[in-house]
Amino acid sequence: MAKATNKTNKTQKVIVARPTRHRRAALFQTYVLIGSSIFVGLAVAAHFVPYFSIDLTLTRALQSNHGALADQLMGAESWMGFPPQAGVIAGVVLLGLFVSGLRWEAVAGLCAACNAVAGTLIKLMVERPRPDADLVHVVSQMNTTGFPSGHVLEATAFGGYLIFLSYTLLKPSWYRTAITSFLGVIIVCMGPS
């Protein structure tokens, strides 16, 4: 009995009260709806326009300012999005959530981690070509369409879900800030990688 009480006390120190979680979740869901609306608009535009001039301008600007360290960091960032490591990372995180008692959150996280099906369906509808090597520097030519990027979609969906959990469940603290900042950097850097 003492162990259960000890675990409950530790959890109460880290996890916020239910009304706070609900309020935070509602705010976050508003952001998700706005982001989803923007995504749908971009998908429709990408279906009709093969390359936006801003895409090429930004890509060329990013590719012109690189060095060995930047190339290694972007390579490591991109590496996380490929199988099997993407699945292993998601599996370890979801198992950690499940073992720590956040079972419903782990099950819901499985849905966020399995967004490749949605990404594939969207790719089939949009049919936007990837940029050719004569437009930008291409590390390796892939035989899939370019919108949405699987790496970016996975990082945004799963990383965003983990940010949602951190923001809604954890009390304000240095570790909540560290978790959300780390995941935010991964999401933001996945596109340029």
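Trainee: Is Trp174 buried or exposed?

Mentor: Trp174 is exposed, and its relative accessible area is 69%. Keep in mind as we go that this is a predicted model.

Trainee: How does that value lead to the word "exposed"?

Mentor: The label "exposed" applies over 50% relative accessible area, and Trp174 has 69%.

Trainee: How many aromatic pairs does the structure hold?

Mentor: It holds 2 aromatic pairs. One of them joins Trp174 and Tyr175, whose ring centres lie 5.7 Å apart.

Trainee: What describes a pair of aromatic rings?

Mentor: Two things do: the distance of the centres and the angle of the planes. For Trp174 and Tyr175 the planes stand at 90 degrees, so this pair is edge-to-face.

Trainee: Which rings have a charged end sitting over them?

Mentor: Look at Tyr167, where the charged end of Arg24 sits over the ring, 5.5 Å from its centre. Then turn to Phe98: the charged end of Arg103 sits over that ring, with 5.0 Å to the centre.

Trainee: Let's step back to the whole chain. How many helices and strands are there?

Mentor: The protein chain has 9 helices and 0 strands. Following the sequence, you read the pattern α-α-α-α-α-α-α-α-α.

Trainee: What share of the residues is buried?

Mentor: Of the 193 residues in the protein chain, 26% are buried. As for the surface, the chain exposes about 12,700 Å², and carbon and sulfur atoms supply 71% of that area.

Trainee: Which residues form a nonpolar patch on the surface?

Mentor: Leu27, Tyr31, Ile34, Ile38 and Leu42 form one, and together they have about 490 Å² of accessible area. Take Ile34 as an example: you will find it in helix 2, which covers residues 18-48. Ile34 is partly exposed, with a relative accessible area of 48%.

Trainee: Where is Gln29 placed?

Mentor: Gln29 is also in helix 2, and at 47% relative accessibility it counts as partly exposed.

Trainee: How far apart are Gln29 and Phe164 in sequence and in space?

Mentor: In sequence they are 135 residues apart, while in space their C-alpha atoms are 9.0 Å apart.

Trainee: And what share of the contacts with a separation of 6 or more comes from residues 24 or more positions apart?

Mentor: Such residues account for 72% of those contacts in the protein chain.

Terms used:
Residues numbered from 1 in each chain as written. Predicted model: local features only at pLDDT ≥ 70, side-chain atom pairs only at ≥ 80, totals over all residues. Heavy atoms only, no water. Helix = DSSP H or I, 4+ residues; strand = E, 2+ residues; numbered from the N terminus. Buried < 20%, exposed > 50% of the residue type's maximum accessible area, 1.4 Å probe, protein only. Contact = heavy atoms within 4.5 Å. Areas by Shrake-Rupley, 256 points an atom, 1.4 Å probe, with all protein chains shown as cover. Phe/Tyr/Trp six-rings, centres within 6.5 Å; stacked < 30°, edge-to-face > 60°. Lys NZ or Arg CZ within 6 Å of the ring centre and 35° of its normal. Patch = residues over 30% accessible without salt bridge, like charges linked within 9 Å, V, L, I, M, F, W, Y side chains within 5 Å. Salt bridge = Lys/Arg side-chain N within 4 Å of Asp/Glu carboxyl O.
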